[in-house]
Number of protein chains: 2
Amino acid sequence: MKKLKIIKIGGNIIDNEDALHSFLKEFSKLKGSKILVHGGGKLATQLANKMNIEVKMSNGRRITDVATLDIITMVYAGKISKTIVAKLQAQQCNTVGFSGADGNTIVSVKRPVKEVDFGYVGDVIRVNSETTDVLLHNNITPVFCAITHDANGQLLNTNADTIASELAIAFAATYKTELYYCFEKSGVLKNIDDNASVIENITTENYQILKDQGTIADGMLPKLDNCFHAIAHNVNKVCIGKPEMLFNSKLKFTTITAK
Amino acid sequence: MKKLKIIKIGGNIIDNEDALHSFLKEFSKLKGSKILVHGGGKLATQLANKMNIEVKMSNGRRITDVATLDIITMVYAGKISKTIVAKLQAQQCNTVGFSGADGNTIVSVKRPVKEVDFGYVGDVIRVNSETTDVLLHNNITPVFCAITHDANGQLLNTNADTIASELAIAFAATYKTELYYCFEKSGVLKNIDDNASVIENITTENYQILKDQGTIADGMLPKLDNCFHAIAHNVNKVCIGKPEMLFNSKLKFTTITAK
């Protein structure tokens, strides 16, 4: 079975021109099939401010009204996606920028209104990997932004971590799939203030203990839930750490495994 | 040889939600291989106004400074491209939105500064059709916006008519290629105020006469130069008219041929 790396980068890289440039330079050298998934960073909020459009959040999640969806589509699928594509082409890495609407790749459903109306936010219901797979077979690297569609013409704002894990799960049937979540810390930490306190392996068993102890809490919980969801659906390996973990074998990071 | 239709739509369709919707509905039903190229319409200017960014023009062409390039990338490759892609997916037409950077498809050079500095405007120097061709072979329709790149990481604003003709020329080697320029008039008109006065055929010979007479002038000249450029480079057929010319065989429009 061929290997496929699915790599998600977050705002800390996207918002820093130098960091993005050096990440993409290293990324382009990675051997084998790969997919890049990028978050949004601060650009969408900055554009909303310039346009005097109010940014509404609920529990750290963006509430996506029509104006906000337009901004996100412009920033994520336009500015950020095409900047990354052009930079990778300059490194001789052939890429195509995707939203979930392209190739009908990621179909989602508008989140039902419960306590909060999140607006045009999509929860993934189906991944059609055929178009992406055609590109991978031709040595072309798809670059995904955090937008999906409902297959009825509506674009939807979707969590980038979820897009990465759902893509990894869809490709697990035909590739030995590895999922890498890159962020600003060295991994999941025992002590949040100590970057050296990386927990090198989290399994279903010690995850429960770490949660009970309160060692893993807050924003790390949905991220790890995404990781275990992927592991439970045949993704071979899930890692969390600094982007350097991809290029430097000596670096410590967190690996999530079933056992 | 298989046929390929390359269809360019302009601002008059993109700016009108109903017109765009019904065009895309008909477009999705067109049999055979096809590529859609879209212009920008008024959205980029509207966004510039909202952001208090000055719109500078020279001879009807947009001068593209850094802020304007960002706007164009957001509007053309983000909002317009993904809206079209999502709408076509809803009609079961599988599409992928492209800029010239995607697939390294359209490489251009920043226009040299002469009397006017147009800024980040690109003149096409090379089309690499491989990635697009892979999609066409898998019944996927590429949708191109009017952005190219210089293969060194720089995105460039590029005329949509030129993108359409350069794509048509690149594919003429492997497809029987037809190029359709859709705009608000029924074709090239003898009398600009009379939509019934369509010149049904323009050849190299009568083009010179029509120019000498002053029948063809102004904005129609660069459009026709693009058409004859395509014809001279083995494009099989070039047509100018309302989008309906594609779907209604009774409609009059202008066909450009070598003889």
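**Figure 1. The open sheet of chain B.** In this predicted model, eight strands of chain B form an open sheet. The order across the sheet is β5-β8-β2-β1-β11-β13-β14-β12. The pairing is mixed. The edges are β5 (95–98) and β12 (201–202) of chain B. Each edge strand pairs on one side only.

**Figure 2. A helix on the sheet of chain B.** Helix α4 (residues 66–90) of chain B packs on the sheet. Which strands does α4 of chain B touch? The helix touches β2 (33–38), β5 and β8 (141–144) of chain B. The direction of α4(B) makes about 175° with that of β5(B).

Figure 3. Look for I202(B): its bridge partner in β14(B) is I256(B).

**Figure 4. The open sheet of chain A.** Chain A holds eight helices and 14 strands. Eight strands form an open sheet, with mixed pairing. Read across, the order is β5-β8-β2-β1-β11-β13-β14-β12 in chain A.

**Figure 5. Strands β2 and β8 of chain A.** Strand β2 (residues 33–38) of chain A runs parallel to strand β8 (residues 141–144) of chain A. How many bridges join β2 and β8 of chain A? Two bridges do. Find V37(A) in the view: F144(A) in β8(A) stands opposite.

**Figure 6. Two helices side by side in chain A.** Two packed helices are described by the angle between their axes and the distance between the axes. For helix α6 (residues 160–171) and helix α8 (residues 220–232) of chain A, the axes come within 9 Å. They cross at roughly 5°. Angles under 35 degrees count as roughly parallel, so α6(A) and α8(A) are roughly parallel to each other. From α6(A), the contact uses D161(A), T162(A), S165(A), A168(A) and I169(A). From α8(A), K223(A), N226(A), H229(A) and A230(A) meet them. The residues of this contact divide into three nonpolar, four polar and two charged.

**Figure 7. The side of chain A that touches chain B.** How many residues does each chain bring to the contact? Chain A gives 34 residues, and chain B gives 34 residues. Four elements of chain A each give two or more residues to this side: α4 (66–90), β5, α5 (130–137) and β9 (147–149). Helix α4(A) gives the most, with 13 residues. By type, the residues on this side of chain A divide into 14 nonpolar, 14 polar and six charged.

**Figure 8. How the two chains are related.** A rotation of 180° superposes chain A on chain B. The shift along the axis is 0.0 Å, and the RMSD is 0.0 Å. That is the relation of a two-fold axis. The same surface serves both copies: of the contact residues of chain A, 100% recur in chain B.

**Figure 9. The overall dimensions of chain A.** Along its principal axes, the C-alpha trace of chain A spans about 45 × 45 × 35 Å. A compact globule with 259 residues would have a radius of gyration near 18 Å. Chain A has 18 Å, which agrees.

Note on methods
Residues numbered from 1 in each chain as written. Chains lettered and ligands numbered in written order. Predicted model: local features only at pLDDT ≥ 70, side-chain atom pairs only at ≥ 80, totals over all residues. Pairing = 2+ DSSP bridges. Axes fitted to C-alpha atoms, helices over the stretch in contact; angles between N-to-C directions. Parallel < 35°, antiparallel > 145°, perpendicular 65-115°, else oblique. Contact = placed C-beta atoms within 7 Å. Nonpolar A, V, L, I, M, F, W, Y, C, P; charged D, E, K, R; others polar. Least-squares fit on C-alpha atoms with pLDDT ≥ 70 in both. Rg over C-alpha atoms; globule rule 2.2 N^0.38 Å.
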